[in-house]
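Please look over the sequence and the model before reading on. The paragraphs below go from an open space in the protein to the ligand, and then to a few places along the backbone.

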Amino acid sequence: MTPERRTRSGEPFWGRRFRNHAALCWAPAKVNLFLEVLGKRSDGYHELETLMLAVDLFDMLEVVRVDDPVIGLSSTEPGLDTGEDNLITRAAVALHARYRPEAGAIIRITKKIPMAAGLGGGSSDAATTILALNDLWGINAPREELAEVAAEVGSDVAFFLAPPAAWCTGRGEVVEPATVGEQLDLVIVKPPFGCSTAEVYSKLNVPKSPVNGDAVRKALRRGNADEIGRAMSNRLQEPATAMRPGIAEILRSLDFEKPAGVQLSGSGSACFALCRDRREAMRVADAVRMAGPAGVTDNDVFVVRSWPTTV
Ligand code: C5P
């Protein structure tokens with residue numbers, strides 16, 4: 001099945017509709033090719049510049065429209081909180097509060113994206129929920145309004161309305177779509193522990209001279225993996241590694257294979273290697289599985305591609 005379809009209003013969303021009352025949707029993961037912190041704000045958030053790239057590792061959502069104004073969520077993942085704090089529930093509630101449709105939704109989430117990993121799984125699920133319900137509830141709001149709802153739910157949610165790539169600023173919610181010159185191949189490695197985003201930010205030293213992201217943006221536009229790899233950086237890598245030394249071991253095992261670039265994604269704990277092609281990605285993944293950094297199993301190593309394809 002191809003995970004790309006269009007809604008009745010013509011907006012793309014990553015799903016398949018069934019008889020106007022149900023949808024099966026794919027929510028992609030992301031990695032941060034670049035993340036710089038410009039300062040701490042009075043609201044406690046940090047002012048950012050980040051280049052995000054969506055990849056073809058997906059959670060799956062089954063969304064069913066019901067006549068009663070209730071929001072129900074269930075999950076295949078025993079560890080997942082399906083209560084009102086879940087970003088899917090928060091997204092559905094926020095959309096409902098704004099547009100007051102005379103309907104509700106029952107949602108089932110199948111998790112494949114590792115959690116607390118800096119891969120944006122929860123945010124992507126929330127954005128996908130907004131897109132699916134915008135359609136199933138017949139709201140058909142424009143993308144700019146949906147981005148406002150997304151920003152209420154979390155800093156990274158609005159990005160997932162605009163894959164495959166975007167330059168995100170503010171606290172992450174100001175999204176400028178970016179072009180991916182060539183499809184990119186990556187390897188993602190998830191350690192056996194997660195990282196708390198709030199804790200990583202709290203350990204951060206805000207730089208006096210921030211790194212400029214122009215080079216990485218230009219490199220992504222050209223689609224040259226070596227160039228992107230040289231220009232990649234993530235300000236959160238240092239505090240996350242200080243908190244969790246296991247991250248350094250994974251970065252080293254990826255770096256040993258000399259891919260185009262190696263980095264932590266977001267606030268971690270997942271790390272990734274940017275590779276020159278699929279063949280190299282398979283080789284790097286095999287090597288990391290063989291090396292087996294502390295607690296990493298075969299299932300924690302993912303060979304992925306930028307998604308959706310625009311080239
Ligand atoms: O917005 P979100 O709920 O994803 O953020 C989680 C936490 O990460 C925030 O409570 C904050 O501590 C930290 N954060 C930050 N600056 C950002 C984004 C997140 O300090 N730009």
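**The pocket, the ligand and the backbone**

In this predicted model, the largest pocket has a volume of about 1,100 Å³. Its lining is made up of 43 residues, and those closest to the centre of the pocket are Leu87, Ser123, Asp156, Thr197 and Ser267. Several elements give two or more residues to this lining, namely the strands S4 (22–40) and S5 (46–66) together with the helices H1 (87–99), H2 (121–136), H3 (143–153) and H4 (197–202). By residue class, the lining of the largest pocket divides into 18 nonpolar, 17 polar and eight charged residues.

What takes up this space? The largest pocket is the space taken by the ligand. Around the ligand stand Gly44, Tyr45, His46, Leu48, Gly154, Ser155, Arg171, Thr197, Ala198 and Tyr201, and this shell divides into four nonpolar residues, five polar residues and one charged residue. Both S5 and H4 supply at least two residues of the shell, and H4, with three residues, gives the most. Thr197, which is one of the residues around the ligand, is also among those closest to the centre of the largest pocket.

Within this shell, some atoms can be followed one pair at a time. In the side chain of His46, an N or O atom is 2.8 Å from an oxygen atom of the ligand, while for Ser155 the distance between a side-chain N or O atom and an oxygen atom of the ligand is 2.5 Å. Arg171 takes part through its backbone instead, where an N or O atom lies 3.0 Å from a nitrogen atom of the ligand. On its own the ligand has 450 Å² of accessible area, and the protein covers 72% of that area.

The backbone also deserves a careful look, since most residues other than glycine have a negative phi, and most peptide bonds are trans.

How values were computed. Residues are numbered from 1 along each chain as its sequence is written. This is a predicted model: local features need pLDDT of at least 70, side-chain atom pairs count only at pLDDT 80 or more; totals for chains, interfaces and linings use all residues. Side-chain values use heavy atoms; hydrogens and water are left out. On a 1 Å grid over the protein atoms alone, a cavity is a set of points where a 1.4 Å probe fits but cannot get out, and a pocket is an open set with protein on both sides within 12 Å along at least five of seven lines; lining residues have an atom within 4 Å of a point. Grid points are joined across faces, edges and corners, and a volume is the space filled by probe spheres set on the points. Helices (H or I, at least four residues) and strands (E, at least two) are DSSP runs, numbered from the N terminus. Ala, Val, Leu, Ile, Met, Phe, Trp, Tyr, Cys and Pro count as nonpolar, Asp, Glu, Lys and Arg as charged, and the others, Gly among them, as polar. A residue is near a molecule or strand if one of its heavy atoms lies within 4 Å of it. A polar contact is a pair of N or O atoms within 3.5 Å; within protein, one must be able to donate a hydrogen and the other to accept it, and residues adjacent in sequence count only if both atoms are side-chain atoms. Accessible areas come from the Shrake-Rupley method with a 1.4 Å probe; for residues, only the protein chains shown count as cover. A molecule sits in a cavity or pocket if more than half of its atoms lie within 2 Å of its grid points.
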